[in-house]
Amino acid sequence: MRKLIFVLFFLFSKVGFTYVITKTELGKNIKWNYRNKQIPLYYNPEPVDTNIVLDISSEQLSNLSISKAEYLKIRVKQIIEESVAEWNQVSPYQVIPYQVDSSESMSSSKSTLRFSDDYQYFGSGVIAVTSTLFSATTGNISSADILINQSFTNVIDLTLDKKRSSKQTAYLGDVLTHEFGHFLGLAHSEVINSTMIFSIFKGQHTIHSDDIYGLWENYGITTNSGEISGKVIAGDAKTEVFGTNVNLMSFATNKVIQAVITDSEGKFSFKNLDLDESYFIAVSPIKNLSSISDYYKQINNQICAQESFRTSFFAKCGPRSKGRPQAFYLDANNNSVDVGEVTIRCDENLDTDYYAKKFKDSERSFELLANYLDTSAVFTGYFSSEEIAAGLTGKGDVFTLDYRNFDLSQIPLNPVVNINLSSSTIGSDFAFKVYVKLTNETSWREYSASTDSTGKLLTDLNIDIELSENANDNLIELTVYPVALSSDEKYEIFAAPTVLLNANNLYSITAQLGSSVAGNFYAYAKHDSYPYDDNSSCVEGTLTYASSPYISMSALLGSTAQLSEDDAPISCGTIDLDNSSGPGGMGSFVLGVIMVLIFFIPQKLNHIFLSDS
């Protein structure tokens, strides 16, 4: 039996995952299996309409002495090749692009990419479509096609300008790099800044580490030997929780580098991890279940008194560990860690002393180092919506880092404390304004968000604080304020903020002592929470029923089922073909799209958009 799956890339779709590998109904990974590991792609770079926004002015175009159509063809070719190169630098399968002069000259049995103004291929708001023909029993892809929507159904402006990509305007490179992820077998993601997020944001044309880990997992690539695994549980019966987002964060950068969804036994595993590094874990619900793949559609997030559980960090049990995520250090002697059982949380699991200090008028500082022997720390804070609205007129959070007991002679080269503050990487919609000084200093150093080359706000901060030669001066005082984001900034960062933002405004801080040499930081010691402790003695949640993967009866029996409403989700329409071989290439694509449009559009179209808020 063959399956035709086409992935619709909606600007305002409700789909969301961590890195997820597209699966057949039998749970097989969808991927290429060519012996020479090369995938020929035949593309026509000529748009069917010149209504694409240019990245140069009319005067600059005139000076080039070429028409807009000619310029578009040149730039589209460059952008296609750049998007292919993004994936080829990390993929075991190399996409080999071949330019063709006309879409009509493309073979129906080969993988293709082209523009189309035929509305029959697209629903309203769809920017591009990736159609993949694969075997339901093996998951092996035989061909795939990408169509870029230039019909009246696309209300989004396509542009060649990276700086304009967000909300109602889509940079072509952002669209194509995302579609090539589908082309290689990846589904959508919920990791902020992942190329495989389902909606447009600035910088989407650059692939994220989460995309790379997903690709390697799909194709069985092993590059590094580090691994962290565990199991997510809930309720008095310690029931395994299927379909939970587990996010792995790097202690060095304080950012999510990889995320996976727990399997039917609640298990998760992060592979290919760098050694001589420390990591910590955050657990969160999938943000929207209305349109995910059938395999995951029975997920139950309503684990906390009939409400969804909260995003939280994996800490040890007991009040002293609240707000202090466990850190796991991997090296050559300890390259694999099973963290045991991780509970979902029904609240933010904040340190009670830290939370109480928020409401005081004096003596508000909280010490980030857990004890005087520590040289590093990781801590999770929280800002209410009222605190975010108040911004610099509010009280902020006040912290100290006490290094007065440390002998700096152990760090002969430029001793500094590296501090990382992160909010957006875990789905919290605020930036930071931070004031820092040593206890002997009279003036505060100020740090705030910067922007990248596209004008996108970089909310997270990386700060190096030079220490004094006088040990008694090395008490670092730190005041952290939240800065509210504008609507445009939210869309540029989160793509679909009404879906991807957390219900709680957590943030995380990492701090470590070390040396700064030629702009590079070298930690004095890696942060580690050994001996580790799981959550088997502090399980939360009220799980009323355990969810499991959905496998249709037709898939189990190997037969072809009639298309039903459940078989036509918003983002991934899946069709069983009557014969075992099925048509290939663009021919199969046309058949699939027509079949889904006949059934799908009248019944589903009014549910595919988020409100534009």
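V436 stands opposite R445 in strand 26. Before I go on, this is a predicted model, where local features need pLDDT of at least 70, side-chain atom pairs count only at pLDDT 80 or more, and totals for chains, interfaces and linings use all residues. Residues are numbered from 1 along each chain as its sequence is written, and side-chain values use heavy atoms, with hydrogens and water left out.

Strands here are DSSP runs of E with at least two residues, helices are runs of H or I with at least four, and both are numbered from the N terminus. Two strands pair if DSSP finds at least two bridges between them.

Strand 26 covers residues 445-448 and runs antiparallel to strand 25, with four bridges joining the two. One of the contacts has V434 with Y447 of strand 26 as its bridge partner.

Which strand pairs with strand 25 over nine bridges? That is strand 30, residues 475-484, again in the antiparallel sense. There, F430 has A484 as its bridge partner.

Is strand 25 largely enclosed or largely open? Eight of its nine residues, 430-438, are buried, so the rest of the structure largely encloses it. Buried means under 20% relative accessible area, exposed means over 50%, and partly exposed lies in between, using a 1.4 Å probe and protein chains only.

K437 has its charged end over the ring of W444, 5.2 Å from the ring centre. The rule is NZ of Lys or CZ of Arg within 6 Å of the ring centre and within 35 degrees of the ring normal.

Last, the aromatic pairs: a search of the whole structure finds 26. One of them is Y119 with F152, tilted, at 5.4 Å centre to centre and 40° between the planes. Rings of Phe, Tyr and Trp (its six-membered ring) pair if their centres lie within 6.5 Å; planes under 30 degrees apart are stacked, over 60 edge-to-face, and the rest tilted. Y119 is partly exposed at 46% relative accessible area, and F152 is exposed at 64%.

F268 and F270 are 5.7 Å apart at their ring centres with planes at 55°, so this pair is tilted. Both residues, F268 and F270, are buried.
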